[in-house]
Structure formats: C-alpha cells, structure tokens
Amino acid sequence: MFTDAMKDRFDDDGFLVVERLFDDAELVGVRQRIDALIADPDSRPEGVGFGREGDTKVETKGTGNIRGASFLVRFDPFFQDFARTPKLLECARGLLGPRVKVFRDQALFKPPHGQAKPLHQDQSYFLVQPADDLATAWIALDEATLENGCMTYVPGSHKNGVFPIAHDPERPVHHIPDTGDLDLPEAVHCPVPAGSVIFHHGCTLHASADNNTDTWRKALIMHFATSDAVSERAELNEQVSLEID
C-alpha cells in the first residue's frame, strides 16, 4: 500500500495525506473510548492525562470543555493494539525506516467553538534526534473541515530544521516559531474525511483554526520515531508511549 511516490511527496512537502486509511468499523472502539473520556475524564486509565480549553491561559486554567488527552497508547492496552495496526505501521516504517516506536501520543479535540492551535513544530516540543527521525500520524476521528478547524501545513518548511521559539504571552503553552526573514509558502488547508491520516515531519510548520461549528472535531495523534532516536529532553525518553521494533 505504501509507495515510493508517497515517500517522495512526504520528503518534498513535509506532510502526506492518506485518505480513509481506517473505515468506520475500525474506529468504533476508538470513538467509544474517546467519547467516554470526554463525558467523564475521571474514568480514564491511571496515568492518562487530560487538559481543558482554559488551560492555554494561566487565569482560566482548569476550566472549559476537555481539549485533549495524553498517554492513551502508553497506558491503555486497547490503544496499544490500535497503534500496532499493520497498515498504520506500514506507513510509519515507509517514512522512517523498518524499526519504529510511538515516541509520544495524544488525543486532541476541538469542542464546539473551540480555539485554534497556532503555527508550530512538533520538534520544538520533543527535540528528537536525529531531527528527521520523528513523523506524526494525525488520525481524523471525525470529518475535518475548513469550518471545524482542519489541519493546515506550510509545504517544505521542514527543510529549515527547528526554528527558535518564543512563548505567546497570552497563551504561554504555545511555542511560537521565529521564522525570521524566510520567504515561506502559503499554508495549505487539508480537510479530510473521517478515518484519514495525515503524516507530517516533526519540523513541518502546522496549525489548526477555530472550530466554528456546534459539533466536536476529534483526532488521535501518534508521534512515531525511529527505535534508536532520543530526545534532547532526558525526561521524555523515560516516557516513551510504546516500543514496537
């Protein structure tokens, strides 16, 4: 299923859209567990974290709808099995090489009228070395549209490495890349059907807009890395979500 042309596209653009990699039947259990987590965050497995919409600002921390969860793969055997889905691993290995692990995982939600995630690079948070050895799989659990905050990517931006960052004074959780005088291409919107997976390089600039609808937009994210890759942040190497190869 994974082809040389897909790898070439990823290498050129820094992202790759694979539409409908999963069908609805394959996502039933994922959606049930995610919906249960949203309905009752306290029901989550021990070790799984979660955040709320208000957590992006100091003065509103702990308020609002649930915005995301962390370490579902690390602490829930169901999500460990899902991460080992052969066609998902085929793509991850096609991009990174034959030996991979889930370095980190999270689920990110845009509740109705939920806020945007500004332009950023995953590698500014994870600092995995070698820098090319991190590829994120963004799995759409709902249809992602222009209206509900689909992903957007800056093509080719991964070729510039990790940019210096600043923290947004209004929302200090966000890393704001300083791209200097670089003449970067316009960002590309990537609306996708549910079940699609967008893979992106750890250095690719990406963002998502506000959810301007009355419904949720949910995604499961796995940050794949080569088995031998390590982070410059020592504590992250002790929190690897799933060793695979």
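**Stop 1: the largest pocket**

Start with the largest pocket of this predicted model, whose volume is about 1000 Å³. Select Gln106, Leu108, Lys117, Tyr125 and Val173: of the 37 lining residues, these are the closest to the pocket centre.

Now colour the lining by class.

Next, colour by element. Which strand gives the largest share of the lining? Strand 4 does, with 7 residues. Other elements that supply at least two lining residues each include strand 2 (49-52), strand 7 (134-140), strand 14 (217-226) and helix 6 (123-126). Strand 3 (66-70), strand 5 and strand 13 are also among them.

**Stop 2**

Select strand 3. Here 4 of its 5 residues are buried, so the strand is largely enclosed by the rest of the structure.

Pick out Gly49; opposite it in strand 3 is Ser70.

Strands 3 and 4 run antiparallel and are joined by 3 bridges. Look at Ala69, which faces Ala107 of strand 4 across the pairing.

**Stop 3**

Zoom in on strand 5 and strand 13 (residues 206-208). They pair antiparallel over 2 bridges. Select His120 and you will find its bridge partner, His206, in strand 13.

**Stop 2: the cysteines**

Finally, show the cysteine sulfurs. How many disulfides are there? The count is 0.

Select Cys190 and Cys150. The sulfur of Cys150 is the closest cysteine sulfur to that of Cys190, but at 7.0 Å it is too far for a bond; the cut-off is 2.5 Å. Cys190 is buried, with a relative accessible area of 7%.

Go on to Cys203, which is in no disulfide either. Its nearest cysteine sulfur belongs to Cys190, 18 Å away. Is Cys203 buried or exposed? Its relative accessibility is 1%, so Cys203 counts as buried.

Note on methods
Residues numbered from 1 in each chain as written. Predicted model: local features only at pLDDT ≥ 70, side-chain atom pairs only at ≥ 80, totals over all residues. Heavy atoms only, no water. Buried < 20%, exposed > 50% of the residue type's maximum accessible area, 1.4 Å probe, protein only. Pairing = 2+ DSSP bridges. 1 Å grid on protein atoms, 1.4 Å probe; cavity = no way out; pocket = protein on both sides within 12 Å on 5 of 7 lines; lining within 4 Å. Points joined across faces, edges and corners; volume = space filled by probe spheres on them.
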